Amino acid sequence: MDHHAAMQLLDQIRQNMESCVYGKKEEIASMLTAMLAGGHVLIEDVPGTGKTQLVKSLAMSIGGVFHRIQCNPDLLPTDITGVSIYHPKLEEFVFRPGPIMANLLLTDEINRATTKTQSALLEAMEERKVSVDGETHVLPHPFMLFATQNPIEFEGTYSLPEAQLDRFLMKINLGYPDEASEKRLVLEPGASRAAESLQAVATVEDVAHMQKLAETVHLESTVADYLIALIRGTRQHSAVLLGASPRAAVALSSAAKAYAFLNHRSFVLPDDVKAMAPLVLSHRLHLRSEARMHGTTTVQVLQDVLRQLPVPVGMER
């Protein structure tokens with residue numbers, strides 16, 4: 001598969017998802033960017049805004065193994081990773097894999113699980129493997145985790161640990177659909193179940209190949225300087241207690257390359273960095289308490305830093 005064929009295939013996946021998820025073109029583009037970058041996605045919003053439908057439409061479009069976990073306080077770590085069970089005939093323990101053995105895992109309402117169960121996802125997210133009873137089991141490739149969560153002020157939710165938040169390449173907020181899209185949902189019977197009937201237009205092998213192609217997108221030195229200036233600028237902002245880490249810089253670089261590839265380019269523009277910054281960095285910044293009390297958000301901080309950064313000469317559109 002060459003670059004042209006990969007980009008055409010990406011367009012087919014995007015069109016397939018848009019056929020059943022209405023009014024979410026930007027969010028679909030963000031999810032496909034995360035897929036190309038091989039990253040995990042946290043989707044936050046109130047219940048009923050189509051989070052599960054969105055992820056399922058991607059899973060059906062690319063084929064492969066898809067599993068879903070509905071998180072709750074009773075969920076145990078082994079309910080996710082799997083467990084070793086003694087087999088009398090074989091006279092040995094046999095590993096029974098959990099739902100994490102998938103190409104795409106959807107964990108619904110991840111912040112309703114206890115912190116111990118949330119922590120069980122860390123190894124899988126970072127190392128792409130799980131350990132059960134001293135045995136290591138490698139996850140399928142590619143592996144992507146899409147986690148949905150309700151806002152943390154909802155009753156019965158646990159805020160995600162900082163270490164786990166940092167493992168998500170990006171965080172997406174869906175919001176309510178526009179009026180036309182919401183009317184379409186009401187008028188078209190069965191629209192909310194459309195993702196289950198989608199036909200696959202690609203394979204997980206295609207996805208793995210596209211991920212390799214996205215890695216080859218060129219990041220010019222001046223654009224890299226722009227990206228690093230943004231990262232360092234978050235650490236110097238007066239409202240920020242803890243700025244973006246070096247890991248965040250690498251994540252932003254990967255996302256910008258993937259976003260450029262999704263938009264049929266073989267090189268990164270400053271606009272790609274600007275487009276990805278809120279999605280990749282907003283959940284990684286920690287504001288001072290007085291800034292939060294005054295209603296300052298991490299997105300506002302990023303906008304402040306970006307306004308002060310000069311765009312590299314010759315890279316404007």
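Two residues are in contact when they have heavy atoms within 4.5 Å of each other. Keep in mind that this is a predicted model, where local features need pLDDT of at least 70 and side-chain atom pairs count only at pLDDT 80 or more, while totals for chains, interfaces and linings use all residues. Residues are numbered from 1 along each chain as its sequence is written, and side-chain values use heavy atoms, with hydrogens and water left out.

**View 1. Asn103 and its neighbours.** Find Asn103 in the loop between strand E4 (92-97) and strand E5 (104-108). Strands here are DSSP runs of E with at least two residues, helices are runs of H or I with at least four, and both are numbered from the N terminus. Leaving out residues up to four places away in sequence, Asn103 touches Gly64, Val65, Pro140, His141, Pro142, Phe143, Met144 and Val204. Is Asn103 buried or exposed? With a relative accessible area of 6%, Asn103 is buried (under 20%; exposed is over 50%, partly exposed is in between, with a 1.4 Å probe and protein chains only).

**View 2. What the Asn103 side chain reaches.** The side chain of Asn103 gets to the backbone nitrogen of Val65 at 2.9 Å.

View 3. The chain is split into domain 1 (3-198) and domain 2 (217-308), with bounds from an automatic or database domain assignment. Their C-alpha centres lie 24 Å apart. Here 21 residues of domain 1 are in contact with 17 residues of domain 2. Together the domains bury about 1,800 Å², 64% of it on carbon and sulfur atoms; buried area is the accessible area (1.4 Å probe) that two parts lose on being put together, summed over both. In domain 1, Met7, Asp166 and Leu169 lose the most area to domain 2, together 29% of what that side buries.

**View 4. A salt bridge across the domains.** How many salt bridges are there between domain 1 and domain 2? The count is 2, each needing a side-chain nitrogen of Lys or Arg within 4 Å of a carboxyl oxygen of Asp or Glu. Zoom in on Asp166 and Arg284, whose side chains meet in a salt bridge at 2.7 Å, N to O. On the domain 1 side that touches domain 2, the elements giving two or more residues are helix H1 (3-18), helix H2 (25-37), helix H6 (162-165) and strand E9 (168-173).

Terms used:
Polar contact = N/O pair within 3.5 Å; in protein donor to acceptor, adjacent residues only side chain to side chain.
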